[in-house]
Amino acid sequence: FRENYFFVSGYRRLFMRSTKDSMFIKGTTFDELYAMLIFDRKMRNIFFKWILVIENNIKKINPNAMVKVKDCNGTLKNNQNLATGDVISITSANETKDYTVVIYGDTSGDGKINALDLLRIQKDILGATNLSGAFEKSADVSKDGKIDVLDLLKVQKNILGVSSIEQ
């Protein structure tokens, strides 16, 4: 492997027993950390590619059109991955249309599908928190109109690499 330690170490918390101690879950291997890094990198490249495709297609229709991507807090994004809750604004002439991004499985809005998303779906199912808007829609991975154990299972399988979530 030819990766910087700091890139790989950013994924270690996904494999920790808890946030309070620095012990890994029994059986965790470096290969699993590295696989998460590669998965994340591939996802970011896919999302970034589609931002460019959208912008290029809009510019073909109207060369004066402007496309801006903002995060869920309204901060302009530059060359970052798309995430649930981001807003793509397309301005043409005097009209602006906003489109909210939903990435199925990304309930945290960080553009990744990981253990944090599993936790947010679980808390929603248990009634401890209520997901809303784009985040609620992103949790309905099975696209059956409800958030339940099936969605939790699909996200878990995606994280483990057993199956992919259809976007």
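**Reading exposure, contacts and confidence**

Reader: Where in the chain is Ala93 found?

Author: Ala93 lies in the loop that joins strand 2 (87–92) to strand 3 (95–100). A position can also be described by its separation from another residue. Between Ala93 and Leu152 there are 43 Å in space, C-alpha to C-alpha, and 59 residues in sequence.

Reader: Which residues form a nonpolar patch on the surface?

Author: The patch consists of Ile125, Leu126 and Val149, whose accessible area together is about 300 Å². One of them, Val149, belongs to helix 5 (residues 149–160). Val149 has a relative accessible area of 58% and is therefore exposed, again by the cut-off of over 50%.

Reader: How many aromatic pairs are there, and what sits over the ring of Tyr104?

Author: Ring centres must lie within 6.5 Å to pair, and by this rule the count of aromatic pairs is zero. A ring may instead be considered beside a charge. The charged end of Lys143 is placed over the ring of Tyr104, 4.3 Å from the centre of that ring.

Reader: Which elements have the lowest and the highest mean pLDDT?

Author: Where pLDDT is low, the predicted coordinates should not be read in detail. In this chain the average pLDDT is 85, and 92% of the residues score at least 70. Among the elements, helix 1 (residues 5–9) has the lowest mean, 60, while helix 4 (residues 133–139) has the highest, 97.

Conventions:
Residues numbered from 1 in each chain as written. Predicted model: local features only at pLDDT ≥ 70, side-chain atom pairs only at ≥ 80, totals over all residues. Heavy atoms only, no water. Patch = residues over 30% accessible without salt bridge, like charges linked within 9 Å, V, L, I, M, F, W, Y side chains within 5 Å. Areas by Shrake-Rupley, 256 points an atom, 1.4 Å probe, with all protein chains shown as cover. Salt bridge = Lys/Arg side-chain N within 4 Å of Asp/Glu carboxyl O. Helix = DSSP H or I, 4+ residues; strand = E, 2+ residues; numbered from the N terminus. Buried < 20%, exposed > 50% of the residue type's maximum accessible area, 1.4 Å probe, protein only. Phe/Tyr/Trp six-rings, centres within 6.5 Å; stacked < 30°, edge-to-face > 60°. Lys NZ or Arg CZ within 6 Å of the ring centre and 35° of its normal. pLDDT = per-residue confidence, 0-100.
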